[in-house]
Amino acid sequence: MYTQGLDQADALPDEELSERFEAKVAAEEKVEPTDWMPAAYRTLLTRQIAQHAHSEIVGMLPEGNWISRAPSLRRKGILLAKVQDEAGHGLYLYSAAETLGVTRDELVDQLLSGKAKYSSIFNYPTLTWADCGAIGWLVDGAAIMNQVPLCRCSYGPYARAMVRICREESFHQRQGFEIMTVLAQGSPEQKAMAQESLDRWWWPALMMFGPPDGESVHNDRSMRWKVKRFTNDELRQKFVDMTVPQAHFLGLTLPDPELSFDGEHWTFGEPDWAEFKRVLAGDGPCNKERLAARRDAHADGAWVREAALAHAEKKRG
Amino acid sequence: MGDHSVEALLRVGDSCLVLAQRLTGWCGHAPALEEDIALANIALDVLGHARGLLTRAGELEGAGRDEDALAYLRGAEEFRNLLLVEQPNGDFAHTVVRQFLFDAWTAELWKGLAESSDEVVAGIAEKAAKESAYHVRHSSGWVVRLGDGTEESHRRMLAALEDLWPYAGEAFLDDEVDVAAVEARLVPLPSSLEKPWRARVSYVLEEATLPVPPDPWWQRGGRQGRHSEHLSYLLAEMQVVHRAHPGVQW
Ligand SMILES: [Fe+2]
Ligand SMILES: [Fe+2]
């Protein structure tokens, strides 16, 4: 998921040098790590995969928060397995990024220094148990919308990582929807908890698809290089069309008075793009806490990683 | 089956549950991504063991309590876990030492429980034995790596051993509940597991260039419901949502 189109545009590659590359991509052939590729393609992919990897890792925190308080042992196990999957996604994606010539350490440093971006959604707080439901349903649901087309991405290692990840994401979405279903059909307090959570997560979930098409800096090139298959607005529309009936099924109300069906699609109101920019710029409710948690884990673990290396050295003799 | 059977199963099941709860605290905060995954894996296994044993204890009790009633609606004084597992995560060295002392115990315990006269318990134990064989390999690996790693890691491991060792022996102290449950051939006698446990612990610590601490007064009481100050906080957090909404589905 978590590809929000956060990048600045780079200079286009020299067309002569890239002619063969372009033809190959246009023919839907996969680009592999040892193939020649334009520097801008490499940069684009590295940045997107890294952002994606960081999002998986930072994304462990909001839900990870609730594992200790999960209200049944079954839910505790499911949530723990889900958050563990996200760690696995981070690993596959860092590995995919490494095939482009960066190291995981470099990428992690970029995250911890605040230089690299990750999905804005994880800078919102998880305040109730229902948030674990809303995140699975909406955030993982949006992730699937974003990621299914990425399974056909022109860059082989990324596409293959996405195939694996998408399989797990659908389990994530299902468990979230199941949490919401139980709450929505539960006591009045549980139903209110589900509604309140949906009220908070709906708009941030729509923002996960990135800025409106007119403002997205590199849509054209991403599309031509078959990294992106649909525009931000197309994906957002698909997501809304899928999700509105699910909310109706749950008997919950989406917090958008402008929502209406035009016979084919659900039209919806405009997300608060000023909020989106603010959260991306670092002023979301939890940006500082999320980064601090990652920095602390990294710093606290330094002696462990050093010791593991030192021990391995000794064994090598 | 009498009360001693329920008690004996809770002693193991609660130990697994409380340890799993502690381990989840690392999720998203481990020293490396690979270790996030490994610790979550172990927590999931141990949680599974807890669920099986709590469910069985509830069935044997016959009072209609399922795994959740037992996990969420008992107070600290009703928990029967070892004091060892309720000790805080501390730094990674403390978590590793706690895990290793526990894994070295359960590696023996599951073998004994696999012979239980209760088929359900034996089935749980058979599966658990395979999983805990992996756990003890994992935690032994870390004990050795950190014990024989850098000066700092060695120092931290010494500190962790010193803090946690007094809680290591409780698992092997028999009382009348154990004796009764052993007579029913439900569980192995706790003290019978001590010898192989010690052998493994000594071997791994030596490999790790760490001394086996002298036997102290073993801290005890967890298995009888007298806990350290830590458990009540742990349970308060674990039970907060469940208790706020009595009687609903999740
Ligand atoms: Fe994921
Ligand atoms: Fe996910």
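Student: Are Glu56(A) and Glu169(A) buried or exposed?

Tutor: Buried means under 20% relative accessible area, exposed over 50%, and partly exposed in between, with a 1.4 Å probe and protein chains only. Both Glu56(A) and Glu169(A) are buried. The model is predicted: local features need pLDDT of at least 70, side-chain atom pairs count only at pLDDT 80 or more, and totals for chains, interfaces and linings use all residues. Residues are numbered from 1 along each chain as its sequence is written, chains are lettered from A and ligands numbered from 1 in the order in which they are written, and side-chain values use heavy atoms, with hydrogens and water left out.

Student: Which protein donors does the iron ion (ligand 1) have?

Tutor: Donors are N, O and S atoms within 2.8 Å of the metal (3.2 Å for Na, K and Ca); water is not among the atoms, so sites may look incomplete. For the iron ion (ligand 1) they come from Glu56(A) (OE), Glu86(A) (OE), His89(A) (ND1) and Glu169(A) (OE), at 2.0 to 2.2 Å. Their spacing in sequence is E-x29-E-x2-H-x79-E. Glu56(A) lies in helix α2 (residues 39-58) of chain A and Glu169(A) in helix α7 of chain A, so the pair ties together parts that are 113 residues apart in sequence. Helices here are DSSP runs of H or I with at least four residues, strands are runs of E with at least two, and both are numbered from the N terminus.

Student: Which residues coordinate the iron ion (ligand 2), and how far apart are the iron ion (ligand 2) and the iron ion (ligand 1)?

Tutor: Glu86(A) (OE), Asp140(A) (OD), Glu169(A) (OE) and His172(A) (ND1) coordinate the iron ion (ligand 2) at 2.0 to 2.2 Å. The two ions are 3.4 Å apart, and Glu86(A) coordinates both. Glu169(A) and His172(A) lie three residues apart in helix α7 (residues 156-184) of chain A, about one turn of the helix. His172(A) is buried, with a relative accessible area of 0%.

Student: Why is the arrangement around the iron ion (ligand 2) irregular?

Tutor: Four donors count as tetrahedral if all angles lie between 85 and 135 degrees; four count as square planar and six as octahedral if opposite donors are over 155 degrees apart and all others between 65 and 115; anything else is irregular. The four donor atoms around the iron ion (ligand 2) subtend angles of 87 to 162°, which makes the arrangement irregular. The site of the iron ion (ligand 1) is irregular, with angles of 83 to 152°.

Student: With which residue does Asp140(A) form a salt bridge?

Tutor: A salt bridge is a side-chain nitrogen of Lys or Arg within 4 Å of a carboxyl oxygen of Asp or Glu. Asp140(A) pairs with Lys82(A), the closest N and O atoms being 2.8 Å apart. This pair links helix α6 (residues 130-147) and helix α4 (residues 73-98) of chain A, with the two residues 58 apart in the chain. Both Asp140(A) and Lys82(A) are buried.

Student: Where is Asp256(A), and what does its side chain reach?

Tutor: Asp256(A) is in the loop between α10 (232-250) and β1 (260-261) of chain A. Asp256(A) is buried yet has no salt bridge; the nearest side chain of opposite charge, Arg236(A), is 11 Å away. For charge, Lys and Arg count as positive and Asp and Glu as negative, while His and the chain ends are not counted. The side chain of Asp256(A) reaches the backbone nitrogen of Glu258(A) at 2.9 Å and that of Gly269(A) at 2.7 Å.

Note on methods. Polar contact = N/O pair within 3.5 Å; in protein donor to acceptor, adjacent residues only side chain to side chain.
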